[in-house]
Amino acid sequence: MDLVQQTLWGWNIAIYLFLGGLGGATVALAILGELRFNMGKWFGIIVSILGMAILAFGLIFLIIDLINPFRFLLAFWIKGIGHSWIARGMIVITGVFIFGPLYALATFFDWPRFKKWMGYIAMFCGFGVTTYTGLLLNANVGIPFWHTPALPVLFTVSAFSTGCALIMLILAAMKSEEAHHFFHFIEGFDIFLISLELLLIFAYFDFARLGNAAVMKSAHLLLNNPLFTIGFVILGLVSPLILEAYASTKEHSKGLAAFASVLVLIGGFLLRYLIVWAGVFQYPHGIAG
């Protein structure tokens, strides 16, 4: 059996997966803050639009990776939904770009009931985008390290952790009582997410230990790469977990939590880049998507 490290999916796809998850989570968390934490209409409007802008920027990298930009339109081919995760992903991404602006419009004109419905649907679509990024890789049966149920869960948890990090950076610059309350909620939520992410990484490599030769090869590549062990695990997970846990016990520690947020964002990108990089193709299966 031939084991070949894949080269078809490069850093463009890693950036797309990172920005897609970050954008979807930011939209969902922004609307949550406005609807449930009284963060005010401008917070909901501006931060949800920021999330949509991040998602749109990420799509540019997918288009670049396709070489021929017109191939991107095939993702919207309705008959492709039955067998293509890119096509399914376009459904939830389109949902974000339809219901997100409708939520922002209803919030601006203060239409409470319409705002709530549009907000909940946009949040659902944002959650769908975070999950889809993992399912897109998971669909590749020829790369066993990606084809595990743990990957979509790991990417979803990581996406919401990076979304929390971006929201904390914004809230750290705000002075209102509502912002202070929401900041500590997001901080606690992110501590939970990072802890869960560490458990998932442990489970992922425990799976690799019991897997076939291709899975073990992928795990070997990651464990021998300092970008993974030091860059992602130590600087992108363990360090922000310790910093955020310490900051949560102090009254005036938003600066420390904001620094931890930057580490979380770096770690979130490294996770996707390295998982994509470490994919080992098990011949003769092909790339799906």
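The axes of α5 and α9 come within 8 Å and cross at roughly 150° (axes are lines fitted to C-alpha atoms over the stretch in contact, with angles from 0 to 180 degrees between N-to-C directions). This is a predicted model, where local features need pLDDT of at least 70, side-chain atom pairs count only at pLDDT 80 or more, and totals for chains, interfaces and linings use all residues. Residues are numbered from 1 along each chain as its sequence is written, and side-chain values use heavy atoms, leaving out hydrogens and water.

**Exercise 1.** Work out how α5 is oriented relative to α9.

*Step 1.* Start with the angle: roughly 150°.

*Step 2.* So α5 is roughly antiparallel to α9 (the label for angles over 145 degrees).

**Exercise 2.** Sort the residues of the contact of α5 with α9 by class.

*Step 1.* Find the partners: in α5 they include L151, F155 and L169, and in α9 they include A258, L265 and I275 (contact means heavy atoms within 4.5 Å).

*Step 2.* The contact residues divide into 14 nonpolar, five polar and two charged.

**Exercise 3.** Find the helices that supply at least two residues each to the lining of the largest cavity.

*Step 1.* The cavity itself has a volume of about 40 Å³.

*Step 2.* Look up its lining: S158, S161, T162, E197, F232, G236, L237, V264, G267 and G268.

*Step 3.* The helices are α5 (150-171), α8 (226-247) and α9 (254-277).

*Step 4.* By class, this lining has three nonpolar, six polar and one charged residues.

Key: 1 Å grid on protein atoms, 1.4 Å probe; cavity = no way out; pocket = protein on both sides within 12 Å on 5 of 7 lines; lining within 4 Å. Points joined across faces, edges and corners; volume = space filled by probe spheres on them. Helix = DSSP H or I, 4+ residues; strand = E, 2+ residues; numbered from the N terminus. Nonpolar A, V, L, I, M, F, W, Y, C, P; charged D, E, K, R; others polar. Parallel < 35°, antiparallel > 145°, perpendicular 65-115°, else oblique.
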